[in-house]
Amino acid sequence: MGDFSFAYSIWIPLIPFFTFILLGLAGHILKPRLAGIIGTTALGVIFVMSLYTAYQYFFVYGMVDGVYQKIIAYNTTWLQFTDTLHIHMGVILDPISVMMLVVVTTVSFMVHLYSIGYMHGELGFERFFAFLSLFSFAMLGLVVATNIFQMYIFWELVGVSSYLLIGFYYQKPSAVAASKKAFIVTRFADLGFLIGILILSYITGTFDFITITDPNGAAIHQGSGTAFLGLSVMTWAVLLIFIGGAGKSAMFPLHIWLPDAMEGPTPVSALIHAATMVVAGVYLVARLFPVYYFSAPEALHVIAYVGGFTSLFAAVIACTQLDIKRILAFSTLSQIGYMMLALGVSGWGDHEGVGFMAGNFHLFTHAMFKALLFLGSGAIIHAVHSNYMNEMGGLRKYLPITHLTFLIACLTIAGIPPFSGFFSKDEILVAAYHHDKVLFFVEYFVAGLTAFYMFRLYFSVFWGKEPHYHHKPHEAPATMTIPLIFLALASIFTGFIPFTELVTTDGVPFHAHIDWGIALPSIGIGVLGILGAMVMYRRETNLPEKMAANLKYLYRWSYNKFYIDEVYLFITKKIIFRYISRPVAWFDRHMVDGAMNGMAGLTNLISFKIRGFQSGQVQKYAFVFVTGALALALVFIYLWTN
Amino acid sequence: MDFLSYFIIVPLLTVLGIIVSRNDKQAKWTAAIGMSIQLVLAAVLVFRYLAERKAGNMAEFLFYHDYLWFPALNIRYTVGVDGISVAMVALTSLVIFTGIFASWEVKFQFREFFATLILLATGVFGFFICTDLFTMFLFYELAVLPMYLLIGIWGSGPKEYSAMKLTLMLMGGSALLLVGLIGLYFHSAPDGGPYTFNFIEISKVQIPIQMQYFLFPMTFVGFGILGALFPLHTWSPDGHSSAPTAVSMLHAGVLMKLGGYGCFRVAMFLMPEAAHDLSWIFLILTTISVVYGAFGAIMQKDLKYINAYSSVSHCGLVLFALLMMNETAINGAIMQMVSHGIMTALFFALIGMIYGRTHTRIIDEMGGLMRVIPFLAVAYVIAGLASLGLPGFSGFVAEMTVFVGSWQNTGTFYRVATVIACASIVITAVYILRVVGILLQGPVREPWYHQFTDATWYERISVGFLIAGIAGIGIAPLWLSNMITNSLGPIMDRLNMISFIH
């Protein structure tokens, strides 16, 4: 490692933090445009810093003796719980965290730049940039966390930034409801995360990632005894932690918040709900991967199947939705499912660990092309002032740059070579093939569905019948198209990054070749999906209606998102509100408090009854006195005589 | 004059100043200046305390002074502070300081109001700095009684009922307490010699275990009522909702902490064996408190009721953590006291300010306040986020310390209790976001809301200081945590000795 110090990297999260403070406290004094420029510049600076760090880490100092090291660039004690359990705040640099730094700062920088154009003239422009800075700070703090508690802290902070940004249009009731839902669902999942941390830290005696995940260390083998339902303590701990990850990454059945989160401004959807925050769950599993692999393989199976199921489930729903942002949201769910699945089927070391590599690889490429899709959809919405596909059509003439970049993104997600999605998805399929044939074929099918629904979107928006537009749609300004072009280039070329030599389970690079036996059918399926969409949606036909009529029930269930939202509503509104909360409130007022009031009432009553004795009439007193004395005398006589 | 007694003298002089002041304006400024001095004193105390500790002064209580007061019964005025009392004193001065600015516009009987309020604060300060049980009890009563007048005269709604209820229930607690304290007194000198009320000395003797079984519930419940121990918490929603702003702030912010502090300092510190054996009963009650308060808050409509139930939940967590009886959990309990104190004061201050504009506290009758009074609305969101335990604010630090501490106790009973308590973080999020959604977000409810003025300068002072408090602790908690932990040695020694014996 030499004398080089990575300590400067603490400023990567801190710069956006100070931007947040500045814009939060003084934002309303600044001119909106200036606030936007400050926020964007800050992100530009840390974008460059992250690229520099990545260069220094991967190509200069990171590798020692052929292994990428985990470097603690900075660490300070924040809080001490017990003698051994301390929360540190610090920066860890290892292949996945450095990769994430690049992902987060790239997308965040692009989104900042884009927002200057997109949010122009909006009320609360500076507030928007303040929140974006807050989010960037929190996400970067999460990525560089040296210990699980630091991660949890920033995990909560990204949650709240997401809440604030979804509810950015706070006067719109649907946005308010969506932000609330997002926060509460993820909070519920975080309860699992928290308890998981409590168990994990109790059995290992530390929060520290390096200690916990060291395959040769003592910590990872703790808690291997069977605890409950045949699973070990460690398995329970990491499963609970995975619940947290599943909540943040919107895995089934905790996915319900993500489609609603599209109520937020589109740049937010691109940054938080597509590229960065929602993959935090994947990152969490990747971070603890050695623990899952060596101590809790059952948990890893669960992850693989949750991921696989979510990818299928979301892809089916995406085929019938009409709101373009929601289609992209379900597509995000589906793609994150892929990543989870990749981690779930991964082994350890060299080719065995190809799933781990592929999951991270896909995370990286997905961040680029999904951010591009969202920003593209933002440009479309900006042009036609609607989210609904049936109010769009023929836009390729009006939005040439958006059209081209969107097409690139669609080809990327459909897994067509040489775009980046092809390479990362192919590695996932390879990993699945060697591990679990069922999941492998499911993913083949999902690949076809993905191509279909993306091109359904593409053809409906850019081709198809042109509706009557109130205003002639126009291309977005340069601040919006530059990020589109940048991300399109990233989508094309990031596939050539040799991930096998950078991000591996044990830090040792390996070589891998494309397995054409798996890749060719997957391309074929992708092309099939595209052709299907082309036939149905390129020109106006009655095919879609026919399809819908033939698959009536599937269509209806898919269109209503399999009624999961209704199930949640039933649980919250009916069970929690009506059958728990209201009775508690009633019980408190009428039983508990009633008892107190009853006591007071009783006291009152008794005093009312006996106050007659204090009448002030001497005759009465004399009467009572004499009667009492007589009674006593009788008692005494009775006692003496016996 | 010793340093600590200034904490009683300054408020008393302020009260005197208010009484002799010629008009409301003078009274106002006398109060403001007096409480500013008090706040500065508290800051000085924190720094001096930390400096003394750093210099290696390991005495259990610092700035210790002892004056004989009533020789016949060996009642003394003894003052001394450890890290825990310092934290409490600092909390109290912050809350009363901001409370003054939050009630800048009280119209009716202004001087009497401020004089009573500060008298109440005097009682609280005295309680925290004294180490003599009798004197503590005296100050305790001094803190509880003015509450009756403050709610009964300056309150709103069914104020007579609420004032009576609150006072009677707390007096009931006092009755139990008095028995407990006298019991302790008569067992304070098992080897002969004069009896004493000084808890430092009592802590060095062994109270007979049978006696502890009797006295511990007395003192714990006596103080527990003030700490909103289920099912004796019902004074709190009514009391808070009828009390004027500053009184709610002081009451929820500080007075309820007297309960936790007393449970810790008197009940558990002096009778650790009984605490150890009987804790399970109270642990069940406090676990109920934590979730029950939170569920209770979900369906409320009145802002103050919501906050009162929320306080039941948060203060339940204080007692819950104390009863876990390990160093981390107790540390968390004390931090939760400080954190909840500031947070709830902020809530009540804001509720008062919002009420002053909309003239209602029913959330369904309001809406869209974010648009018209952004400063207060943002402050309310911050208070809400702090309350639901967002990192960066004090609530998170305290709750996590409690949870991690509780988890160190093995055994299914403790684990289940901890998981249930942890679940409160979700329920809290539900009721906080519900209020934020209805009250602040959404379209502006009434057209005349647009004429509202946002926070005035004194409201900004009040809110600003409180937010600085929760954010300061939330961002840099280590000093507070260390200050408290370093003072837990004596009680931990005694508790550990029991676990060793058992």
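Author: One term to begin with: two residues are in contact if their C-beta atoms, placed from the backbone, lie within 7 Å. The model is predicted.
Reader: OK. Which residues of α6(B) meet α8(B)?
Author: Among them are B:Met169, B:Leu170, B:Gly173, B:Leu177 and B:Gly180 in α6(B). Those in α8(B) include B:Met211, B:Phe214, B:Met218 and B:Gly222.
Reader: What kinds of residues make up that contact?
Author: The contact of α6(B) with α8(B) has 14 nonpolar residues, seven polar and no charged.
Reader: And at what angle do the axes of α6(B) and α8(B) cross?
Author: Roughly 150°, with the axes of residues 159-186 and residues 209-226 of chain B coming within 8 Å. Angles over 145 degrees count as roughly antiparallel, so α6(B) is roughly antiparallel to α8(B).
Reader: Is the crossing of α6(B) and α8(B) left-handed or right-handed?
Author: It is left-handed.
Reader: How does α8(B) cross α11(B)?
Author: The axes of α8(B) and α11(B), residues 272-298, cross at roughly 50° and come within 9 Å. That makes α8(B) oblique to α11(B). The crossing is right-handed.
Reader: Which residues make the contact there?
Author: α8(B) contributes B:Ile209, B:Gln212, B:Tyr213, B:Phe216, B:Pro217 and B:Phe220. From α11(B) come B:Glu273, B:Ala274, B:Ala275, B:Leu278 and B:Phe282. Nine are nonpolar, one is polar and one charged.
Reader: Different topic. How many residues does α2(B) have?
Author: 31 residues, and α2(B) reaches 45 Å from its first C-alpha to its last.
Reader: Which residues of α2(B) are buried?
Author: They include B:Ala27, B:Gly34, B:Gln38 and B:Tyr49. Among what covers the buried residues of α2(B) are α1, β1 and α4 of chain B.

Terms used. Residues are numbered from 1 along each chain as its sequence is written. Chains are lettered from A and ligands numbered from 1 in the order in which they are written. This is a predicted model: local features need pLDDT of at least 70, side-chain atom pairs count only at pLDDT 80 or more; totals for chains, interfaces and linings use all residues. Axes are lines fitted to C-alpha atoms, for helices over the stretch in contact, and angles run from 0 to 180 degrees between N-to-C directions. Helices (H or I, at least four residues) and strands (E, at least two) are DSSP runs, numbered from the N terminus. Angles under 35 degrees count as roughly parallel, over 145 as roughly antiparallel, 65 to 115 as roughly perpendicular and the rest as oblique. A crossing is left-handed if the near helix is turned anticlockwise from the far one by less than a right angle, and right-handed if clockwise. Ala, Val, Leu, Ile, Met, Phe, Trp, Tyr, Cys and Pro count as nonpolar, Asp, Glu, Lys and Arg as charged, and the others, Gly among them, as polar. The expected span of a helix is 1.5 Å times one less than its number of residues. A residue is buried if 20 or more other C-beta atoms lie within 10 Å of its own, exposed if 12 or fewer, and partly exposed in between; C-beta atoms are placed from the backbone.
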